[in-house]
Amino acid sequence: MKAVVLGSGGWGTALSMVLCDNGHEVTLWSHNPEKAQEMEKTRENPLLKGVRLPDSLKITSDISCVKDAAVVVSASPSYAVRGTARKAEPYLNVSTILVSVSKGIERDTNLRMSQIVQEETKNKCKVVALSGPSHAEEVSIRMPTGCVAACPDQVAACFVQDTFMNDYFRVYTSPDIVGVELSGALKNVVALSCGICDGMGFQDNTKALLMTRSMVELSRLGEKLGGDRATFGGLAGMGDLIVTCTSMHSRNRRAGILIGQGKSAQEAMDEVGAVVEGYYAAESVEQLARKEGLEMPICHCAYEVLYHGKQVRDVVTELMTRAKKNENEGGWSYPVR
Ligand SMILES: NC(=O)c1ccc[n+]([C@@H]2O[C@H](COP(=O)([O-])OP(=O)(O)OC[C@H]3O[C@@H](n4cnc5c(N)ncnc54)[C@H](O)[C@@H]3O)[C@@H](O)[C@H]2O)c1
């Protein structure tokens, strides 16, 4: 089957390799012709050092490569998803299944990535979101990994499950595209906050408190926006939160560590040198929470630190001395099955 992956970052490249392993005819598209040529010559992506690209993988910077593809994966960084989908649209067939794997919420519109892809491709194709705890570095060396293919259309979700699943990449299906995408996008705020904790020298107790209570906040928002609470306890929710909050692969966490050590948000992002999506997600969460009238104290404090330079120590005291509560107050409890 013909598959095209749009976006030659770490994740697009790792997923191209999964598709090659599954016997598909795969093309990896880069927006940058020099980068495409370099990868073609070296058969390596510098973002995945030491990993040899499969001989069968085609690399191009010509967007017409999406023509006649049965599956097209949208894997650009979130800020480039709209532009890339717009370029691809004239070449897409209605039967093509689009797989959105970027994580983020668009600034200003607060749209999810699959909504942007839908919009830019004029609702021509079915869009499935694929998300979960999955570092590109580990998938590219075939470490056992699990993700969720989410779409209200079960046939499309099962198609993506069949296309990607193999003995090291396990894929579950879910109808809850809203919950899967929101949990993947919003958890970056928590990763940043966990990094801040690490940078301040706090240890395991603090991180467990932060991760668990943040998940309460995120699932509260997710449900309000139409997601299923159960999704937030699954791979795309808690799973992704664990992986992002505990790993040095996470640039959100690395940026947080620098902020916890006393750097400003801008200095930390400059030092990390790559897009820190949690910074932008913090603003989206703040806007959405305000609009929905929801209490999200941890995310709000992260926003205050990142955007208004509030002192981290003051914020910690503020959070720890909030009014006493019952743990399940505010409506969050594990769903009864
Ligand atoms: N890296 C991971 O492990 C991982 C896992 C799951 C999901 N994701 C998500 O996948 C998306 C891509 O992340 P990544 O880690 O592969 O990115 P990356 O930071 O590794 O690479 C970004 C790449 O995007 C390309 N790019 C830059 N500007 C562009 C533009 N204007 N148009 C098109 N492409 C452009 C560049 O070629 C660059 O190599 C993100 O939304 C991320 O959250 C990443």
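**View A. Surroundings of helix 3.** The buried residues of helix 3 find their packing partners in strand 1 (2–6), strand 2 (25–29), strand 4 (71–74) and helix 4 (113–120), where contact means heavy atoms within 4.5 Å and where helices (H or I, at least four residues) and strands (E, at least two) are DSSP runs, numbered from the N terminus. Helix 3 spans residues 81–88, and its buried residues are V81, R82, T84, A85 and A88; buried means under 20% relative accessible area, exposed over 50% and partly exposed in between, with a 1.4 Å probe and protein chains only. These residues lie on the same side of helix 3 because they cover an arc of only 165° around the axis, the arc being that of the directions from the helix axis to the C-beta atoms.

The model is predicted, so that local features need pLDDT of at least 70 and side-chain atom pairs count only at pLDDT 80 or more, whereas totals for chains, interfaces and linings use all residues. Residues are numbered from 1 along each chain as its sequence is written, and side-chain values use heavy atoms, with hydrogens and water left out.

**View B. Helix 4 and the residue that follows it.** In helix 4, the buried residues are M113, S114, I116, V117 and E120. They sit on the same side of helix 4, because the arc that they cover around the axis is only 160°. The elements covering these buried residues include strand 4, helix 3, strand 5 (97–100), strand 6 and helix 7. Just after helix 4, K122 takes a positive phi of about 55°.

View C. The protein chain is divided into domain 1 (2–175) and domain 2 (178–320), with bounds that come from an automatic or database domain assignment. Their C-alpha centres lie 25 Å apart, and the contact takes 27 residues from domain 1 and 23 residues from domain 2. About 2,000 Å² is buried between domain 1 and domain 2, and carbon and sulfur atoms give 62% of this area; buried area is here the accessible area (1.4 Å probe) that two parts lose on being put together, summed over both.

**View D. The largest nonpolar core.** A nonpolar core is a set of buried Ala, Val, Leu, Ile, Met, Phe, Trp, Tyr and Cys residues joined through side-chain atoms within 4.5 Å. The largest one has 53 residues, of which L218, I259, Y279, M296 and L306 touch the most other members. Helix 7 (residues 177–200) supplies the largest share of this core, 14 residues, and at least three residues are drawn from each of domain 1 and domain 2. Once residues up to four places away in sequence are set aside, I259 touches L192, I196, S264, A265, A268, V305, L306 and V312. A second, separate core of 38 residues includes L28, V101, F164 and Y168.

**View E. Helix 10 and its packing partners.** Helix 10 (residues 235–246) has as its buried residues A236, G237, G239, D240, L241, T244 and C245. Packed against them are strand 6 (126–131), strand 7 (145–150), helix 7, helix 8 (204–224), helix 9 (229–232) and helix 11 (251–260).

View F. F169 belongs to strand 8 (residues 169–174) and is buried, with a relative accessible area of 0%. The C-alpha atoms of F169 and T145 are 5.1 Å apart in space, although the two residues are 24 residues apart in sequence. Neighbours within four places in sequence left aside, F169 is in contact with W11, L15, V18, L130, V139, T145, C147 and F164.

**View G. Cysteines without a disulfide partner.** The structure holds zero disulfides, a disulfide being a pair of cysteine sulfur atoms within 2.5 Å. For C125, the nearest cysteine sulfur is that of C151, 12 Å away, and C125 is buried at a relative accessible area of 4%. The sulfur of C147 is too far for a bond, because the closest cysteine sulfur, in C158, is 16 Å from it; C147 also counts as buried, at 0% relative accessibility.

View H. S140 lies in the loop between helix 5 (136–139) and strand 7, and is buried with a relative accessible area of 4%. Apart from neighbours within four places in sequence, S140 is in contact with A14, M17, L48 and V51. D162, in helix 6 (residues 154–164), counts as exposed at 62% relative accessibility.
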